[in-house]
Amino acid sequence: MHRALLTALVLAGVAAPLRADRQSIEEVLEAARAAREAERASLRPEVESILAGVLEASAEHNQREVDRLRKKIVDLGTGAGLVLIDMLDPGLNAPLGIERRAREAAQVLGSMHGMALLPPLLAIAEEGSLEGRPRAIAVLGHWPDPAIVGPRLERIYESGRQRDREAALSALAQLGGESAERVFASALSSTDRDRVEQALIELGRFPDPELAVLVGPLIEDLERCAEFLAPLLDFFAGQPSELTVERAASLLVLVAARKLSDEQSVELLERLGTFDLDLRDELDERLEVLQGIQRRSVAEAASVCRARLGDAKALRSLEDYYTDRIDNSRDKEDPKPYGARAQMYLRVGRPKKAERDFDRAIVLDGGWGGFVDRDYYIGLARARAQQGKLSPAAKALEAAKLNQKEREQLAGDGDFAELVDSRYGTVLTEG
């Protein structure tokens, strides 16, 4: 009994300081949380003011000022990041100004990686609103350690809603790592067409050699290449080193074997011409064969491909064909032959010559009654934009009198990307 009492007294003596230590640790943690909240509160007005400046500079297409102000927020540290997280998910149907602020907050948070930011970001990614979840998921794609956030994004991809899965796949493409490898291997071998297409597109947007090798089995399967031709070409555009001369030549088998429609064949041939490929061996031979086939649009696309890859003879042949159409036209004031040659020059990557012919077509078309085919103005804008002539390109688009749908389509066209990001971009982004 005395021994039991002694033991109890000893344990009580030990437990008392342990409780005191535990209480002190909890007090330290609570003090740290309180300090963080105080810092967040003190920084909020400054962060909100700077972010308003970012939005204003962005509206004025002043990218230098946008970058300067974003860095200013990042330099304020984790407390500023917590303020941004508070703005990240304003919920559904938020006013446009609040929604824009949330998108900009996400942009800045992509450059902030304090560990205190991770728990609230994960909370929004998994439990936020319909708009907030994809935004937080996108921020997590910039996290520096894939091992920390990769498994959580993998779980979202496997069990989340469609929009969340798409955001998680995009984030994993940026992140890389083991979780990304598992997810992309699964997506690329899936029987779900949408999953395969999105995987190819995301791997093209965010090049990663370690993930790119996962596309190999699909590339070797010509039936699947035909099925996923457009997103596969998008993948190659983002990771051009994956398109070897041998792979390009094997894709041409799809054209010769009529595994593709004429429209798809033309797209394949013309896009192959935009890559840095050596015109040799099987690629050269197969293009030469395709130039001689009876399907006029496909044969011409093969000539366009050869011309873009540096075949001067193919370029001269195309020029001669379209120039003969101009020379042999019964009506010398007919704009159509000039418009056709202009389009050919665009296809072979000669925008300066295309601009000249579009100008001529517009003058001639106006003389036919004052109404000018809008395609000539759009073609002229494209030729100017490809040369970096942004202001003249915008003027041509204004003359085209585009409707809302046409503006949206051209705003997403790569030829007009520089224009959209410039101060002249309002011709496509505003009604």
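The legends below describe an overall view and several close-up views of a predicted model.

**Figure 1. Overall view of the predicted protein model.** The fold is built from 26 helices, with zero strands. Its radius of gyration is 30 Å, well over the 22 Å that the globule rule gives for 431 residues, so the protein is more spread out than a compact globule. Taken along the principal axes, the C-alpha atoms fill a box of roughly 120 × 50 × 30 Å. Buried residues account for 44% of the 431 residues. Among contacts with a separation of 6 or more, 62% join residues 24 or more positions apart.

**Figure 2. Surface and charged side chains of the protein.** The accessible surface comes to about 22700 Å². Carbon and sulfur atoms contribute 50% of that area. The protein carries 59 positive and 74 negative side chains. The centres of these two sets lie 2 Å apart.

**Figure 3. The aromatic pair of Phe-235 and Phe-236.** The structure holds two aromatic pairs, and this view shows the one formed by Phe-235 and Phe-236. The ring centres are 5.5 Å apart and the planes meet at 50°, so the pair is tilted; an angle over 60 degrees would be needed for edge-to-face, and one under 30 degrees for stacked. Phe-235 has a relative accessibility of 0% and counts as buried. Phe-236 is buried as well, with a relative accessible area of 0%.

**Figure 4. The aromatic pair of Tyr-321 and Tyr-322.** Here the arrangement is edge-to-face, with 90° between the ring planes. The ring centres of Tyr-321 and Tyr-322 are 5.0 Å apart. Tyr-321 is partly exposed at 36% relative accessibility, whereas Tyr-322, at 7%, is buried.

**Figure 5. Helix α6 and the helices around it.** Helix α6 spans residues 132–140. Eight of its nine residues are buried, so the helix is largely enclosed by the rest of the structure. The buried residues are Gly-132, Arg-133, Pro-134, Arg-135, Ala-136, Ile-137, Val-139 and Leu-140. They pack against α3 (78–88), α4 (96–109), α5 (118–127), α7 and α8 (162–175).

**Figure 6. Glu-154 in helix α7.** Helix α7 covers residues 146–159 and includes Glu-154. The relative accessibility of Glu-154 is 11%; because buried means under 20%, this residue counts as buried. Leaving aside neighbours within four places in sequence, Glu-154 is in contact with Leu-172, Ser-179, Arg-182 and Val-183.

**Figure 7. Ser-111 in the loop between α4 and α5.** Ser-111 is partly exposed, with a relative accessible area of 47%. Arg-70 is 41 residues away from Ser-111 in sequence. In space, the C-alpha atoms of Ser-111 and Arg-70 are 9.1 Å apart.

**Figure 8. Ala-116 in the loop between α4 and α5.** At 28% relative accessibility, Ala-116 is partly exposed. Not counting residues up to four places away in sequence, Ala-116 touches Arg-36, Thr-78 and Leu-82. Val-183 is 67 residues from Ala-116 along the chain, and the C-alpha atoms of the two are separated by 27 Å. Val-183 is also one of the residues in contact with Glu-154.

Methods. Residues numbered from 1 in each chain as written. Predicted model: local features only at pLDDT ≥ 70, side-chain atom pairs only at ≥ 80, totals over all residues. Heavy atoms only, no water. Helix = DSSP H or I, 4+ residues; strand = E, 2+ residues; numbered from the N terminus. Rg over C-alpha atoms; globule rule 2.2 N^0.38 Å. Buried < 20%, exposed > 50% of the residue type's maximum accessible area, 1.4 Å probe, protein only. Contact = heavy atoms within 4.5 Å. Areas by Shrake-Rupley, 256 points an atom, 1.4 Å probe, with all protein chains shown as cover. Lys, Arg positive; Asp, Glu negative; His and termini not counted. Charge placed at Lys NZ, Arg CZ, Asp CG, Glu CD. Phe/Tyr/Trp six-rings, centres within 6.5 Å; stacked < 30°, edge-to-face > 60°.
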